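User: Please take a close look at one part of this model and the strands around it. Give me the cut-offs as you go.

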Amino acid sequence: MFCPRTRVEVSSDEDGFAGAWFAATVIEKLDKDKYLIEYESLRNDDDTEFLREVADTLHVRPYPPNCVVDSFKAFEEVDALYNDGWWVGTIVKVLGKQKYKVYFRGTDEEMVFKHSDLRKHQDWIDGRWVIPSQAVMEGGGGGTGSCFLLLATVVSLFGDAASH
């Protein structure tokens, strides 16, 4: 599926990295379901070069397209750039001046991010990029994040209606 020199994202099941996606380049295809990849920001143990490792096809996806976003809203699902990887989170508060508080379900943590360190979350489903709210609207399998986004939207709507 991926040719050498193709920019991709790679995930890991390793403790502390599960759920994050890291930018990498395919060095070579090793067999039908494995690639040798080189990370763009992760370094080897002695910090002399970028880390290279073998990744299976289940943990490699195309690099997502850039979706230009002027601002994010509360309860919007995003990817946050943290520790050299993209982690899925949910905007819980818009702080102004292009800053946002993001909640990470996997670690039950909240952190503040600049707009430039966030991107709209997209899932790679059946060979195409899907924004989770689209997956819900289309009846696709966007996962629990999509359900949370839909629920958050409903709660937000009723919350606004109740205050009038």
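Analyst: Strand E1 (7-11), strand E3 (34-43) and strand E4 (50-56) each give at least two residues to the lining of the second largest pocket. Strands are DSSP runs of at least two residues (E), numbered from the N terminus. A pocket is an open set of points on a 1 Å grid over the protein atoms alone, where a 1.4 Å probe fits, with protein on both sides within 12 Å along at least five of seven lines; lining residues have an atom within 4 Å of a point.

The model is predicted: local features need pLDDT of at least 70, side-chain atom pairs need 80 or more, and totals for chains, interfaces and linings use all residues. Numbering starts from 1 along each chain as its sequence is written, and side-chain values use heavy atoms, without hydrogens or water.

The volume of this second largest pocket is about 250 Å³. That is the space filled by probe spheres set on the points, which are joined across faces, edges and corners. The lining has 15 residues; Ser11, Ser12, Glu14, Tyr39 and Glu53 are the closest to the centre. E4 supplies the largest share, five residues. By class, the lining holds eight nonpolar, three polar and four charged residues. Nonpolar covers Ala, Val, Leu, Ile, Met, Phe, Trp, Tyr, Cys and Pro; charged covers Asp, Glu, Lys and Arg; the others, Gly among them, are polar.

E6 (residues 77-82) and E7 (residues 85-96) pair antiparallel over six bridges. Pairing takes at least two DSSP bridges between two strands. Ala80 faces Trp87 of E7. Two residues separate the strands in this hairpin, and Asn83 has a positive phi near 50 degrees. E7 also runs antiparallel to E8 (residues 99-104), joined by five bridges. Gly96 stands opposite Lys99 in E8. This hairpin too has two residues between its strands, with Lys97 in the turn at a positive phi of about 50 degrees.

Phe113 sits in strand E9 (residues 109-114). Phe113 counts as buried because its relative accessibility is 6%, and buried means under 20% relative accessible area with a 1.4 Å probe, protein chains only. The C-alpha atoms of Phe113 and Val102 are 7.2 Å apart, with the two residues eleven apart along the chain.

Definitions and conventions: Helix = DSSP H or I, 4+ residues; strand = E, 2+ residues; numbered from the N terminus. Buried < 20%, exposed > 50% of the residue type's maximum accessible area, 1.4 Å probe, protein only.
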